[in-house]
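Thanks, everyone. Please look at the structure first.

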Amino acid sequence: MLGKDILDVSEYVGNKPLQIITSIVYSLYLIFVSGILILNFSELLRLIYFPNAATPLIILIFLLVAMIANKLGFKNIVKSNTLVIFVILVTVVVIFIASLDKVEYQRIFPIMGFGVKETFITGSLNVFSFGGLLFLYLIRPNLKEQKDFKKVGIISIILSAIYLLLSVTSLLLLFPFLTTGTETLSVYMSTRTIEFGKFFERADALFILVWIFTFLSYLSVIISYITKMNKKTFGVKNSSPIIYIVGILIFLVSLIPKDSSQILFAENVIYKYSALIIIFVYSFLILLIGYFKKTRFNLKNKIRAKRFLINVNNQNTN
Amino acid sequence: MKARKFLILLLGILIILFSFSNSSSINSIDELAYVVAIGFDVGQNNDLTISFQINSPYSSGSEESSEGSSSGSSSTINTVECNNLDIGISLLNSYLSKKVNMTHCKYLIFSEELAGQGIGEYIYSFKNNIEIRPTCNILISKCSAKYFLENSKPVIDEVSVKYFGLETSSKKNTSYTEPITLKDFFCDLSDTFGSPYAILGSISGLESNNVGDNSMTLNDNEYTAKESDDNSQKNIENLGLAVFKSDKLVGEISGLETICHLILSNNFDNATVDIPSPFDDSNYISLYIYKANSKNTVELVNDNPYIKCDVNLKMRLLTSSEHSNYMTDENKALIEDYVNSYFLAHINDYLYKTSKEFNSDICKFGKYAVSKFLTWNEWKNYDWLNKYQNAFFSANVNSHLSSSYLLTETKS
């Protein structure tokens, strides 16, 4: 099914109702995840740089920028992302390299971690970290060359895995308290320990700037895809109302958690399980059913074609 | 187009609002009082006496002192009595015309008395304080922290923050101490591989009632912070390390023991040491050790740690005397033997002192033992930090005198 995304597959599998359900589920999931993540990041910014500012105001500024970016069009978001992604990738590598002289490789021991059950069974749920794969379900209509989809998918999964590994490795080998306690600002902590000689001591400000761009880019992409999905499903021509509504909804979601314990619960429990259910169960099932339906359809067509050819041959011989 | 104009207008209004509305609360150098060091002592009425050394960029250089504060050429010391740091900052803010800012704080100084009671809660508070950098040094003062700050006047540098920054670089030149930062101390405090330690500091030329007996005759390297005999002027003297068990101070190690510690923990840069001359009992020869490392292994024998340290030293000879000739193979071998014996004795002393006397694994031998365990629970149940007391050691020193050439060769 060249050029088709998960919404098209849903329509193929369960007609319009399933497409609407998929669109709503995806939209709600993305709104929830982006709302919680932007809240967490804004809290971090407030804690570090704007102690007197209200968190909703910081969130609002982020959302305004993302909404304006969406008003300027998807192509502009893609172009700006091309720059931002490169900077982000370089940043993660820099954090990893800069912390190399401070790491203690013995921190990978005990090799079985918290035990076989914790590592291999409970730990398997951490596959939710690959939640970004959701965009692979949606990206296909945006590709210029449809045949490159497989390549794009494999490269993005490998890149995600490598960068996840780099981040986790640098954190795990750098700090003992990550294994003995809870550390919410661990990446920020690691950037605070980085020194490039005596001249560049406070690199954390630079990383915060990069993360601000990252979040702007992330929010822009999220709003853009939610808008695209809903335009497609409900046949809306003008995208502006959807952009505003999505922006407002993300803002409202970010206002729901009252304290840090609720943010942690939303991140560690709701986000984790919703990502697993929506991305790795629901979407996968739709694709699987779509695949079997398509295979069955093709098989039926082949049988029909054969019967037709046999009939034609019989008629000719008669 | 209409929407775009509206957005541009909205953006313009927002920029103007943010540019002008909050200007009264913008923090500039005129509104901030920069703290360069904070001292903690046991308080008389409350739990704590906190002394803040605040840099005065516009100081005229005159010396003044008043109740609760004293000022030197470039800094002022303000003292408050309170229950914790945050209250102390609030109290200080209440009678300072400027807002206290700790982003340039270089030293956190705890008096020996307070460190003996435990400093964990302060370290955790600092860790959560965004203004204090993780690179801020932790120092345990032999005298009161206030006295330390009052007498820590820069000798060469004019700006005290720069002076504090340079002070810890002495490790690179002498190896008599190790710069321990807030991040290091916090990591060690929460670590299962080893125990925390901090810089041991004092003020040279202390009055006899501020420190213990200063009359002992010691080898140069065996000094600890209080024992230096330079009484000519009062300035910071960081020598040795303060050893902690969990968050409580349990002892101290001298300059030479610190060299042993740095060698065993593979953090050694370079050092100059005196050893008894193998050629003349009444003399010493000076050696410049420019490379040292230790291959450490841990085995568990009868559930107790058996720690093996294989130390390699590379050194050059600095001393020459009238009747010595260090060029011959025999003399070179003799010096190496002496160095091996000398360091073996001190390393063994250091190891058994940290194990039996302090029960504090400041070398982090735990990281060599952790690979013997399969799961985190097994490692935690073993309780390395307390098992270290039962450890027994086997050290071996191999020294290599890389060149015995001196600029002026002597002949026997």
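In this predicted model, the largest nonpolar core has 98 residues, and the members that touch the most others are B:I109, B:A198, B:A242 and B:I347. Helix α10 of chain B, residues 329-358, gives the most to this core, with 7 residues. Both domains of chain B take part: domain 1 (29-253) and domain 2 (255-412) each supply at least three residues.

Take B:A198 as an example. Apart from its neighbours within four places in sequence, B:A198 is in contact with B:I138, B:L139, B:I140, B:I180, B:F185, B:L241 and B:A242. There is also a second, separate core, of 44 residues, which includes A:I59, A:F62, A:L63 and A:L219.

Now the domains. In chain B, 26 residues of domain 1 are in contact with 31 residues of domain 2. On the domain 1 side, the elements giving two or more residues are α7 (170-174), β10 (236-245) and β11 (248-253) of chain B. Of these, β10(B) gives the most, with 6 residues. By class, that side of domain 1 has 10 nonpolar, 10 polar and 6 charged residues.

Last, the loop residue. B:T375 sits in the loop between α11 (366-369) and α12 (376-382) of chain B. Setting aside neighbours within four places in sequence, B:T375 is in contact with A:P110, A:M112, A:G113, A:F114 and A:G115. From B:K5, B:T375 is 370 residues away in sequence and 62 Å away in space, C-alpha to C-alpha.

Notes. Residues are numbered from 1 along each chain as its sequence is written. Chains are lettered from A and ligands numbered from 1 in the order in which they are written. This is a predicted model: local features need pLDDT of at least 70, side-chain atom pairs count only at pLDDT 80 or more; totals for chains, interfaces and linings use all residues. A nonpolar core is a set of buried Ala, Val, Leu, Ile, Met, Phe, Trp, Tyr and Cys residues joined through C-beta atoms within 7 Å. A residue is buried if 20 or more other C-beta atoms lie within 10 Å of its own, exposed if 12 or fewer, and partly exposed in between; C-beta atoms are placed from the backbone. Helices (H or I, at least four residues) and strands (E, at least two) are DSSP runs, numbered from the N terminus. Domain bounds come from an automatic or database domain assignment. Two residues are in contact if their C-beta atoms, placed from the backbone, lie within 7 Å. Ala, Val, Leu, Ile, Met, Phe, Trp, Tyr, Cys and Pro count as nonpolar, Asp, Glu, Lys and Arg as charged, and the others, Gly among them, as polar.
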